[in-house]
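Please examine the sequence and the structure shown below. The report that follows treats pairs of charged side chains, a pocket, a surface patch and selected strand residues.

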Amino acid sequence: MALVELVMPKMGESIMEATILKWVKNVGDTVEVDDTILEIATDKVDSEVPSPVAGTITEILFKEDDVVEVGVVIAMIATEGETPEASPSIKEEQTSVNGASETPEIQVEAQPVQEPTLVATPTPETSATPSTSGRFYSPLVKTMAKNEGIPLSELDSVPGSGLEGRLTKDDMLVYIQNRTSAPMQQAQVDAPVKVATPAATPKSQPVTTPSVQGTAINGNQGDVEIIEMDRMRKLIADHMVMSKSTSPHVTSYVEADVTNIVNWRNKVKKNFQSKYGEKITFTPIFIEAVAKAIKDYPMINVSVDGTKILRKKSINVGMATALPDNNLIVPVIKNADQLNLLGITKQVNDLAGRARKNKLKPDDIQGGTFTLTNVGTFGNVMGAPIINQPQVAILSVGIIKKKPAVVETEYGDVIAIRHLMYLSLSYDHRVVDGFLGGSFLRRVADYMEAFDDQQDI
């Protein structure tokens, strides 16, 4: 019998930890290759972890709702065979799964040594460590705090954007940057204010409110219904508050004549779906215009790291997507500038469809450099959206409405019925000034207005 370690998988480039939502299999259950063993949550995406081998689950090392770092052993699977291999290292575990080792003598000797070690190893390396206030910190966060000389008493005052207010690596990086650029006295003044007035600091509420401790549930108090936020809503709330506190927001507006786009879509949508099996909506056309404008104004495609500006070479456009449970998620069209309209359409339809079925993968929402949100879908004229950090700009498109407008012709100006739409761009005034933000927004509108309504599909 060989023992194989099941480790917490790395589900995306920037994902360092995941929350165990549910164990589908229990100790003693038999599994086949690719059978789902557990469900995990990373950022806003729920994923299933399959079994790498066929066998029997002999040990489960973490409970549901535990937050576990990537690469940590979470369960043990016993397999039948002549190669009894089990190793505490991930690299050797992969060798066991792939069947690459051909030295059974060494494997037999390693097995009895490793069994007692596996139980003890996860505890010191992966257990979150409690502070005097009862708040929990991952080993990574504690290491960062130790290296920066941040005591636990100060760490307790740092707002966290992770599950139930936990501190994440990104939270620490932001705090350390602000800490080193501001007097320590100011940080000490801010801390007690956050503790004394939690209503003014929503990020601290998940740590201090009774609901996180499990003492409050949904219910009624007189004429008030109490509804506990679900996990995604908490993540959205934390992300929005963090964005407003990080970036000074400015919003610019323009009006665009999208008559050519509307007429072309009405003309080709039936043939488009018949030819390609895809519905053509306005979103791919808007994303195409955005990608072109970003190439003209690349400094809108950046992020900020302290006093450094990081210009992104890839143009990855996120599209805000409303979910059936009234939450929001932003899947990303990677390298949008390298796709034609059909390619963008396929990606938009695929990502939107999987988002509404909760089938997105972690990589589907990672790596965005710019975001588009369509408030016109809800009948709104315009909006002033919050920037999706760490990006520095987000475009909102409103409802398309027929209006009388002055049109210049070779015979002079005439009044005609046109399809008009408002565009609004919220941008980070730390690095995007009015000239850049306004020019970029106008360029997007120009590309929309210049859309060729005679092009073939």
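The side chains of D364 and R354 form a salt bridge with an N to O distance of 2.8 Å, a salt bridge being a side-chain nitrogen of Lys or Arg within 4 Å of a carboxyl oxygen of Asp or Glu. This pair links distant parts of the chain: D364 lies in the loop between α12 and β20, R354 belongs to helix α12, and 10 residues separate them. Helices (H or I, at least four residues) and strands (E, at least two) are DSSP runs, numbered from the N terminus. The model is predicted: local features need pLDDT of at least 70, side-chain atom pairs count only at pLDDT 80 or more, and totals for chains, interfaces and linings use all residues. Residues are numbered from 1 along each chain as its sequence is written, and side-chain values use heavy atoms, with hydrogens and water left out.

Is D364 buried or exposed? D364 is buried, because its relative accessible area is 15%; buried means under 20%, exposed over 50%, and partly exposed in between (1.4 Å probe, protein chains only). R354, at 21% relative accessibility, counts as partly exposed. D350, R354 and D364 are linked in a network of salt bridges.

In general, side chains of opposite charge can pair when their charged atoms come close. By the rule stated above, the count comes to 10 salt bridges. The table lists three of these pairs.

| Salt bridge | N to O distance |
|---|---|
| D364 and R354 | 2.8 Å |
| K234 and E228 | 3.4 Å |
| E449 and R442 | 3.4 Å |

K234 is partly exposed, with a relative accessible area of 22%, and E228 is partly exposed at 30%. E449 counts as partly exposed because its relative accessibility is 30%. R442 is likewise partly exposed, at 30%.

The second largest pocket has a volume of about 740 Å³. Its lining comprises 29 residues, of which A320, T321, A322, L328 and T373 are the closest to its centre. On a 1 Å grid over the protein atoms alone, a pocket is an open set of points where a 1.4 Å probe fits, with protein on both sides within 12 Å along at least five of seven lines; lining residues have an atom within 4 Å of a point. At least two lining residues come from each of α9 (231-246), β17 (321-322), α12 (341-356) and β20 (370-374). By class, the lining has 15 nonpolar, 11 polar and 3 charged residues. Here Ala, Val, Leu, Ile, Met, Phe, Trp, Tyr, Cys and Pro count as nonpolar, Asp, Glu, Lys and Arg as charged, and the others, Gly among them, as polar.

Y253, V381 and M382 make a nonpolar surface patch of about 260 Å². Such a patch is made of residues with over 30% relative accessible area and no salt bridge, nonpolar side chains (Val, Leu, Ile, Met, Phe, Trp, Tyr) being joined within 5 Å. Y253 is found in strand β13 (residues 249-257) and, at 42% relative accessibility, counts as partly exposed.

Two further strand residues deserve attention. V7, in strand β1 (residues 2-7), is buried because its relative accessible area is 17%. The C-alpha atoms of V7 and G71 are separated by 5.4 Å, although these residues are 64 residues apart along the chain. H419 lies in strand β23 (residues 412-428) and is buried at 15% relative accessibility. Between the C-alpha atoms of H419 and V262, 157 residues apart along the chain, the separation is 7.4 Å.

Definitions and conventions:
Patches are made of residues with over 30% relative accessible area and no salt bridge: like charges are joined within 9 Å, nonpolar side chains (Val, Leu, Ile, Met, Phe, Trp, Tyr) within 5 Å. Accessible areas come from the Shrake-Rupley method with a 1.4 Å probe; for residues, only the protein chains shown count as cover. Grid points are joined across faces, edges and corners, and a volume is the space filled by probe spheres set on the points.
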